[in-house]
Amino acid sequence: MSGPENIKGFDYQISYSLLKTLEILKDTNSIHSLMFESLEEEEEDFNIIGADFEEYHQLKKRGEGHHWTPGDLKEIFQKFISKDKGATKYYFITDGTANAEVKKLKSNLETQEEIDEILLKTFLPEGESLENLKSIFKRTTLLTRFYSSDDDRDPAKNLKAKIIEILSQPPFEVKSPIHTCYSLLWKLLFDYAREAQNIGIDRIKSDFENAGLFIRQKPWFDTPEIGEFQGREIEVKTILAELIKTNKLIIYGINGIGKTWISTKTVQEASPDSTCWIKINRWTSIDYVLFLVTSLLYSRGYDYEAKQLQSLDISERVPALIKVLVKIDITVVFDSINSGNSDVYTFVEQLVEISLKKKLLGKIIITSTKRINSYTDFDVKNNNFSEYYLNGFTLEDTEIILNTLNDKLSEEEIHKFYKAVGGHPMSIFFLKQLIGNKSISADELSLIGTQTIETTRDWIIEKSIIQLSDRDKEFLMKLSLLDGEILEDEIAFILEANTKPKYLLHNLHFNHLISYKNEELHIHDSIKEVAKNLLQSDYRFKIHGKLTSFYFNKMQLQEGSKDGVLYDDILKWGNQLEQLEGSNLLEEKYSTLLQLSNDQLNALGAIKRFGYPFDFETEDLSSSEQIIEELLEKKFVEKNTDPEKKYMYSPVEFVLVNLDFWQDCFITYLCLSRNLPYHMGYVPIFQPNHSWHLQHSSCWWEHCIEYMPLPPITKSEKTEHQAFIKEQFEKGAYNDKTPDEKAFLQGILDEGVPDDTPDEKNLEMEESRCPIWGHCCPDGKEQASECRMEMDEISTDQ
């Protein structure tokens, strides 16, 4: 092959190797290692080595218009025979087509039919016996036109599309943009092949994680540990009854009252095998919510519905999820919605609002410290929605729990304590441990009766922490400074551990101060706050400083790559950096950014992208001009004088100055952590942006256009589309498509035409459709019509 053809061949080979590697990582029980053959060799190979078997994959690209013939394959089969160990399986993979004899052989191998001796002899390599050829054919697969591309300039095009699809499905979780992750994985396998390396599966998993790809079995079924479940029998029955009534339920109550605990018990009773558990924190995104839901759908065989959810515009996501819950019996739990950011909170509110008018086969369960605003008492009364306010344990439950102690409390003591803590579960269980360990005196027990429920809870948690060994106490206090769920490498670093962290943390886990979900460690917010407050400020700053350096070192390694720094690490580093405010460990270049207002930070983000801030307040732009003046005075921006610095082909108005790459990363963190959106099209502020022309946008609604609805497809349009797909199937037009592509197209047919599909076009929405973006214009049909006329005039002039 020529130089360009060689490059194309490498792309096809590496892409195939990546596809097979991902398929193997789904189930690696019997695979030891993978062998990536050198790119310098004439024949490119990919070998799979298992406990008691080997697979040999021979890859060959074929130029357009050239068929594989028996003469071409003799050399391949000669190689297979020379390598044969009696149990090795052989695969020949090509994007090229086959002639009649090769097609016949391929069919015989697939169906395991006996091969005609005349046909066998046409493939027999010189000097080999028919017996040897027959032997390897029993273990040989021919894959011609394997993910072949219709673009000869990009022979791996369809392989890449399949890889992207696999990366978006369980058990894979991508921590960076999916195309970025693909590029990193491709480069990694290219390096393996260039060095002809035999790589163990554990090494591959580790390298893939460094590239932002994690393997999580059943990520949707991440229900918390609840240990020994005592009490709450009446509440569980009542909650189940409320859930069955509407299939839509919110459980709300104060922190630590047991909302997560009782929700876990509820789903264990109601739908243990079809639950998508979403633990909400401030970094949870709508994309992550949909990743978990679609992972569950894929696992249950609902590929079509999962792919639809993944591909929809933001305005269609909530209605599409409701459509899934109307016809599929799954349970989606939003745990601790009050801990989430405004995007996710709004998403759940909209989900509830639309669900009020729907009868769901699936279920929605929400836990929160307060009610949400998208349903009313009228909805509860009319069985459109269910709610349950969770109080503490009953006196009877408290007596049952505390009477399991060897040194039983008197009835009077239990009554006093119950009155003090209001049946607060966390307080009761930690008290039980303290009494069982003889770590609390009668005087202390009497004293807590004079405090509020929250103060009593914190006092009991603090008492439980103080009675730990110095080592365990220090471990918990250090871990409390980490944000969200805590990964194993973070635990190992913060504990300076040379042994497996789980062994070091056994006592904390035994005492219910920490819990594990998959390989992640979790600390309840109430425990975390108390543990943090036990740290001296200087020591706390010291630990935050160490963690800042830990994440910064990771980011520095990523900076050198062409795909840049991962968002997850920017967020974790930024959080630790922000906690250094007020200490001498925080560099001035970061402390100055912390002094900026939210408006100033948002303006920096917008200027970086579009050259000018958004202005939703003043038509004369006095508001945005004021912010620009402030940033000019701080020397963070300046008027652009370079005509080559453009956005949408036009020079930008202002540019950022005196800000290095790491300050830029910190600004990104601050904007995300404060919910300051500046991504064009995805800004959830539904007011005109008066500075749109200075940002070179299409109009003053472009900033939020993705939130606007699309005109719905009608029954006749859907029927026509399905008839076309059916006709193409009958004509054989889809014969060359992959099994997954065929299954998706078949899914469109199987869906039929849903009952809620409109009979007629919604003329108001059609007339309001934006001629550029396709969504309905917030200014209505008059504005949309004016825009269409302007575009027609421009088209005529050109």
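Which residue of strand 14 is the bridge partner of Ile250? The partner is Ile366. The model is predicted, so local features require pLDDT of at least 70 and side-chain atom pairs pLDDT 80 or more, while totals for chains, interfaces and linings use all residues. Residues are numbered from 1 along each chain as its sequence is written, and side-chain values use heavy atoms, without hydrogens and water.

Strand 11 (residues 248-252) and strand 14 (residues 363-368) run parallel and are joined by five bridges. Both belong to an open sheet of five strands, ordered 12-13-14-11-15, with parallel pairing. Strands are DSSP runs of E with at least two residues, helices runs of H or I with at least four, and both are numbered from the N terminus. Two strands pair if DSSP finds at least two bridges between them. Strand 12 (275-279) and strand 15 (386-389) form the edges; each has a single partner strand, so one side of each lacks a neighbour in the sheet. On average, neighbouring strands are turned by 15° against each other, direction ignored.

Helix 9 (residues 233-246) lies across strands 11, 14 and 15 and runs at about 160° to strand 15. Helix 11 (residues 286-299) also packs on the sheet, where it touches strand 12 and strand 13 (331-335). Its direction makes about 160° with that of strand 12. Axes are lines fitted to C-alpha atoms, for helices over the stretch in contact; angles run from 0 to 180 degrees between N-to-C directions. Contact means heavy atoms within 4.5 Å.

The buried residues of helix 10 (residues 259-270) include Trp261, Ile262 and Val267. Buried means under 20% relative accessible area, with a 1.4 Å probe and protein chains only. The buried residues of this helix pack against helix 9, strands 11, 12, 13 and 14, and helix 18 (425-436).

Leu73 lies in helix 2 (residues 70-83). At 1% relative accessibility, Leu73 is buried. Beyond its neighbours within four places in sequence, Leu73 contacts Trp68, Phe92, Val102 and Phe123. Leu73 and Leu124 are 51 residues apart in sequence, yet 9.1 Å apart in space, C-alpha to C-alpha.

Definitions and conventions:
Expected span 1.5 Å × (residues − 1). Buried < 20%, exposed > 50% of the residue type's maximum accessible area, 1.4 Å probe, protein only.
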